[in-house]
Amino acid sequence: MVILKYKDILEKSGFVLAVIAVLATLAAPVVAQEPAAPPQILITNVSIFNGTSETLITGQDVVLNGNTIARLVPAGSGGTQFDQVIDGKGGYLSSGLIDIHWHMGMGTTEAEYFGDQNYVAIHSAKEAGEQLLRGVTTVRDTSGNVFGLKKAIDTGVTPGPRLYPSGAIISQYSGHGDVRPTKATNLPKEWGGPEGLGVSDGNMLLVSGRAQMLAAVRQQLFLGATQIKIAVTGGVSSFTDPLYVEEFTPEEIQAAVQAASDYGTYVMAHAHSAAGAIRALENGVMSIAHGSELNEEAVKLMAEKGAVFGINLEVYEQLKPVYTDPIRKAKLDQAMAGAGKGIEFAKKHGIVMGFSTDLLFDAKGRQQELNELVLRKKYFTSPEIMIQATGNGGKIVGMTGKRNPYGKLGVIEEGAMADILIYSANPLEDVAVVADYENNLKLIVKDGNVYKNTL
Ligand SMILES: [Zn+2]
């Protein structure tokens, strides 16, 4: 019989046995295996800030199943079947922080940003790890070529917050994203001039007219943008466009909104002046950044359209000693003087505001990201600021709709993504607790993975 013959050979030949053993080892990984069950974590002994309510939840434990929050259960009733039990030691549990205006690539100097992109990428990866250790678990990147970094973070190559990339900022020629030196020979590319700075790196894009706007937006979506960023007024950091300048015609803005909404997502706009913000909102823009010159009419329109708003106070403080040239100094003074009004109107009309910082070109300054929360105490209570930094941030990144690569963020509830922070003091009593993260932040979980635990 064949079987006996085969058995005989096996018994007689040590060599054959060895070969079979090696082949069996090589073959092993090919055999289909049951996927490992996602790790189950139980978190006990905490007061819970759920991202939307100003009242803490007590007497509940939190159960994580892989990268989602499975459920909240009455304290002590979770059972014993967990891979890990984390005793919160009476601390304050919050969802991870969401910065809705951050540029992952802009931690270098301005000159370096327009130079070697390998250096920029390495610098960004290092900063992303530091940002996660501040408790920022999600970032809406509001312009820059960060698609590779997003992939590296999502696949676990390097630690960092999850990213919602906008891709290149889309600007008109002579607009906020146009950083070409002002020389007569620097014509638009279509007229034979050189390409704008940062364009070939994927960080900025200069367009004219409806057709180019459609192509520019689709190009960012092609690369993986989750939302689109356009500049519709002058800006503080650019030299040739005062803050009052309105950028892009209604037709161009409509084109951007059309191309984005065809992909199920939205357009955000850099806008300082009321007129610029109104034009953007009337033509479908759903998210306004800066708004230092807003009037009540603009904010009312924001409310009517259900649009959201992001201010940035800390960056103005940081730029004060840097922008000493007369052009940028005047613009910065103007933006700082006007910022408060827009905030008061936004409060009055119940606009959804996120935590947004826009810190740029100063690595040390960017480490003060959470000081934005403290500066907001001039206008908001600590619970209001915490809601901006979590639940509101989740609503804003959730506006990506069909384009959203992730689950529900910014809240502690069943089915939301497992981003968990535990502070040793109560951030609802004073949000400065969050800014002093080195002393107070004891646990950081992002996507169900524990990045810090000093409880
Ligand atoms: Zn910005």
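What covers the buried residues of α4? Before selecting anything, note that this is a predicted model in which local features need pLDDT of at least 70 and side-chain atom pairs count only at pLDDT 80 or more, while totals for chains, interfaces and linings use all residues. Residues are numbered from 1 along each chain as its sequence is written. Helices (H or I, at least four residues) and strands (E, at least two) are DSSP runs, numbered from the N terminus.

**Stop 1: helix α4**

Select residues 117-133. Helix α4 has 17 residues and spans 25 Å from first to last C-alpha, close to the 24 Å expected at 1.5 Å a residue (the expected span is 1.5 Å times one less than the number of residues). Now colour Val120, Ser124, Glu127, Ala128, Gln131 and Leu132, the buried residues of α4. They cover an arc of only 135° around the axis, so they lie on the same side of α4; the arc is taken from the directions from the helix axis to the C-beta atoms. Asn118 and Tyr119, on the other side of α4, are exposed. A residue is buried if 20 or more other C-beta atoms lie within 10 Å of its own, exposed if 12 or fewer, and partly exposed in between, with C-beta atoms placed from the backbone.

Show what covers the buried residues: it includes α3 (110-113), β6 (136-141), α5 (147-154), α12 (363-366), β15 (441-446) and β16 (449-453). Contact here means C-beta atoms, placed from the backbone, within 7 Å. Gly135 follows α4 and has a positive phi, near 100°.

**Stop 2: strand β4**

Select residues 84-95. β4 pairs with β1 (residues 40-48) in the parallel sense over seven bridges, and Ile48 stands opposite Leu93 in β4. Two strands pair if DSSP finds at least two bridges between them. β4 also pairs with β14 (residues 420-423), in the antiparallel sense over four bridges; there Ser94 stands opposite Leu421 in β14.

**Stop 3**

Which strands come next? Three strands form an open sheet in the order β5-β6-β7, with parallel pairing. The edge strands, β5 (97-102) and β7 (162-165), each pair on one side only. β5 and β6 share four bridges in the parallel sense, and Ile98 stands opposite Thr138 in β6.

Finish with residues 382-397. Helix α14 packs on the sheet and touches β5, β6 and β7. Its direction makes about 55° with that of β5; axes are lines fitted to C-alpha atoms, for helices over the stretch in contact, and angles run from 0 to 180 degrees between N-to-C directions.

Methods: Two residues are in contact if their C-beta atoms, placed from the backbone, lie within 7 Å.
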